[in-house]
Amino acid sequence: SDVCSSDLGNSLDTINKKSAATVASIMTLREAFTYLQRAAKQMIETAANLDKQLTDLRMATGENYEEISRLVNDYTQLAKSLGATSSQITEIADNWLRQGKSISETNTLIADSWKLSAISELDAATSTEYLTSVMKAYKYAVDEVIGIVDKVSSVDLVSATNAGGLMEAMNRTATTANMAGVSIDKLLGYTAAMGEVTGRSMSSVGESLKTIFSRMSDIKANKL
């Protein structure tokens, strides 16, 4: 009887171990299947996104598919050197190309947009939008745009404001500031000082300065 009980106990123990191993195998297979599903979905989404970006670049440049494919390969290499993804760099490139910039000019501006994005925590598209606004307002040449990034970065380091907020404020008021005769250096100083003292959002600071500069322009034009 004791022997039978012992054999039964050993058999049950063996069954339990095999059952546990089976369950573990099933869980492992399920996890592997889930991972493959996710990977396949990501590959499909990546391929679709790449195809859209290729189409967007073709529309922006008027180049054929082969030329754009080579351009995207160049952007992929550039992305690696900048620590970005090819999708991010291609998006920046598309934004600049749609403004009529040449491929050579765009390659310069890509690095500027990405540097601003990195120091300001703005996304690449917003960085490009803000740089475009300030660049046009102060009529900066392509090779001078990096100077805007450097100026904003310097003020960021010595003030209680951040680069993203400074660029947001400048985006709202750069044109009126320049029309009022306010240099970009003074605009940055005013923006940082108002942001520190008032504690208001930088978008609000930008709108306030825009109103002030508009009135200054009106006074200058004898409208008031």
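**A chat about helices and loops**

Trainee: Hi! Let me start with Lys139: buried or exposed?

Mentor: Lys139 counts as exposed, because its relative accessibility is 67%, and the cut-off for exposed is over 50%. Keep in mind that this is a predicted model.

Trainee: Got it. Where does Lys139 sit?

Mentor: You'll find Lys139 in the loop between α5 and α6. Its backbone is worth a look too: Lys139 is not a glycine, yet it has a positive phi of about 55°.

Trainee: Why point that out?

Mentor: Because most residues other than glycine have a negative phi.

Trainee: Okay, and what about the phi of Glu121?

Mentor: Glu121 is not a glycine either, and its phi is positive, about 65°. This residue belongs to the loop between α4 and α5. With a relative accessibility of 76%, Glu121 counts as exposed.

Trainee: Let's move on to α5. How many of its residues are buried?

Mentor: 11 of the 14 residues in α5 are buried, so the helix is mostly covered. Among them are Tyr130, Leu131, Val134 and Met135.

Trainee: What do those buried residues pack against?

Mentor: The buried residues of α5 pack against α3, α4, α6, α7 and α8.

Trainee: And how far apart are the ends of α5?

Mentor: The end C-alpha atoms of α5 (residues 124-137) are 20 Å apart. At 1.5 Å a residue, its 14 residues should span 20 Å, so the two values agree.

Trainee: You mentioned α4. Which helix holds Asp112, and is it buried or exposed?

Mentor: Asp112 is in helix α4. It counts as buried, because its relative accessibility is 5%, and buried means under 20%.

Trainee: So what does Asp112 touch?

Mentor: Leaving aside neighbours within four places in sequence, Asp112 is in contact with Leu131, Val142, Val145, Ile146 and Val149. Leu131 is one of the buried residues of α5.

Trainee: And how far is Asp112 from Asp150?

Mentor: From C-alpha to C-alpha, Asp112 and Asp150 are 9.6 Å apart in space, while in sequence they are 38 residues apart.

Trainee: New topic! How do α7 and α9 cross?

Mentor: The axes of α7 (residues 163-179) and α9 (residues 202-220) come within 8 Å and cross at roughly 5°. That makes α7 roughly parallel to α9.

Trainee: Which residues meet there?

Mentor: Quite a list! On the α7 side they include Leu166, Ala169, Arg172 and Met179, and on the α9 side they include Met202, Leu209, Phe213 and Lys220. The residues of this contact divide into 7 nonpolar, 7 polar and 5 charged.

Trainee: What covers the buried residues of α9?

Mentor: The cover includes α7 and α8. Buried residues in α9 include Met202, Val205, Leu209 and Phe213.

Trainee: Last topic: how many aromatic pairs are there?

Mentor: With ring centres within 6.5 Å as the cut-off, the count is 1 aromatic pair. Tyr190 and Phe213 form that pair, and it is tilted: 6.5 Å centre to centre, with 40° between the planes.

Trainee: Where do those two sit in the chain?

Mentor: Tyr190 is in helix α8 and Phe213 is in helix α9, 23 residues apart, so the pair links distant parts of the chain.

Trainee: Which of the two is buried, and which is partly exposed?

Mentor: Phe213 counts as buried, because its relative accessibility is 2%, whereas Tyr190 is partly exposed, with a relative accessible area of 38%.

Methods. Residues numbered from 1 in each chain as written. Predicted model: local features only at pLDDT ≥ 70, side-chain atom pairs only at ≥ 80, totals over all residues. Heavy atoms only, no water. Axes fitted to C-alpha atoms, helices over the stretch in contact; angles between N-to-C directions. Helix = DSSP H or I, 4+ residues; strand = E, 2+ residues; numbered from the N terminus. Parallel < 35°, antiparallel > 145°, perpendicular 65-115°, else oblique. Contact = heavy atoms within 4.5 Å. Nonpolar A, V, L, I, M, F, W, Y, C, P; charged D, E, K, R; others polar. Phe/Tyr/Trp six-rings, centres within 6.5 Å; stacked < 30°, edge-to-face > 60°. Buried < 20%, exposed > 50% of the residue type's maximum accessible area, 1.4 Å probe, protein only. Expected span 1.5 Å × (residues − 1).
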